[in-house]
Amino acid sequence: MNTNNSENNHIVLREKIVSEKSYSHEIYGEKFYVFNLEVIRLSSTVDIIPITVSERLLTGLDLEIGKKVKVEGQFRSYNNYENERNRLILTVFAKEIVEAEVVEDEKDEVVNEVVLVGYISKKPIYRQTPFGREIADVLLAVNRAYNKSDYIPSIAWGRNARFCQNMEVGTEVKITGRVQSRNYEKKFEDGTTQTRVAYEVSIASM
């Protein structure tokens with residue numbers, strides 16, 4: 001069993017701030033703020049990733065819109081209870097944040113990479129798209145300090161999808177990939193809909 005929580009869950013993001021920081025919450029007198037980071041994939045698709053940061057890390061750092069920063073931390077989840085329903089909220093918890101001027105010709109510079117070591121917490125769901133592309137939905141439980149766990153939705157493709165479709169709950173795996181966002185329509189019992197954003201890890205290697 002891997003007990004080093006910093007190695008279980010590590011993410012690096014490097015790109016542009018696209019929202020003002022706003023107050024999130026306070027724990028033991030320490031205030032936390034959230035802002036959004038825009039990360040562009042090689043396909044030119046844009047992912048908008050939420051960042052949670054302590055006021056301690058903001059000393060001397062101006063998080064203005066358009067500024068490029070490098071964030072290192074962990075991809076975390078927590079439960080939010082609203083309207084008597086439980087909703088899984090995902091965010092990047094920053095442990096270090098610095099200004100970063102991205103040089104355009106630095107093709108090998110990491111802009112979105114996450115490494116997770118965790119356990120399959122739900123039977124993977126394998127399926128194929130209408131175009132025959134293989135996909136598997138994987139929910140990973142990643143241990144954190146103080147006996148907490150983060151539950152990270154992940155997507156495997158192709159050979160990785162076939163590989164994990166028969167994995168048993170409790171299997172320990174290490175994955176490398178990127179965090180991505182996608183919009184979806186949430187339908188309610190009264191017939192109304194709401195556009196929401198889901199976050200997940202697109203698995204590159206397992």
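**Exercise 1.** Find the bridge partner of Tyr126 in β9, and state how β8 and β9 run.

*Solution.* Step 1: Tyr126 has Ala136 as its bridge partner in β9. Strands here are DSSP runs (E, at least two residues), and helices are runs of H or I with at least four residues, both numbered from the N terminus. Step 2: β8 (residues 125-128) and β9 run antiparallel and are joined by four bridges; two strands pair if DSSP finds at least two bridges between them. Step 3: five residues lie between the strands of this hairpin, where Gly132 has a positive phi near 85°.

The model is predicted, so local features need pLDDT of at least 70 and side-chain atom pairs count only at pLDDT 80 or more, while totals for chains, interfaces and linings use all residues. Residues are numbered from 1 along each chain as its sequence is written, and side-chain values use heavy atoms, with hydrogens and water left out.

**Exercise 2.** List the other strands joined to β9, β7 and β10, with their bridges, and explain why β9 is largely enclosed.

*Solution.* Step 1: strand β7 (residues 112-120) is antiparallel to β9, with two bridges between them; Tyr119 stands opposite Ala141. Step 2: β10 (residues 148-157) also runs antiparallel to β9, through 10 bridges, and Asp137 faces Ile155 of β10 as its opposite residue. Step 3: the β9 and β10 hairpin has three residues between the strands, and Tyr146 there takes a positive phi near 60°. Step 4: β9 (residues 134-144) is largely enclosed by the rest of the structure because eight of its 11 residues are buried. Buried means under 20% relative accessible area, exposed over 50%, and partly exposed in between (1.4 Å probe, protein chains only).

**Exercise 3.** Is Val169 buried or exposed, and which residues does Val169 touch?

*Solution.* Step 1: Val169 lies in the loop between α2 (158-164) and β11. Step 2: with a relative accessible area of 52%, Val169 is exposed. Step 3: beyond four places in sequence, Val169 touches Ile120, Ser121, Lys122 and Lys123. Step 4: the C-alpha atoms of Val169 and Lys123 are 5.9 Å apart, with a separation of 46 residues in sequence.

Conventions
Contact means heavy atoms within 4.5 Å.
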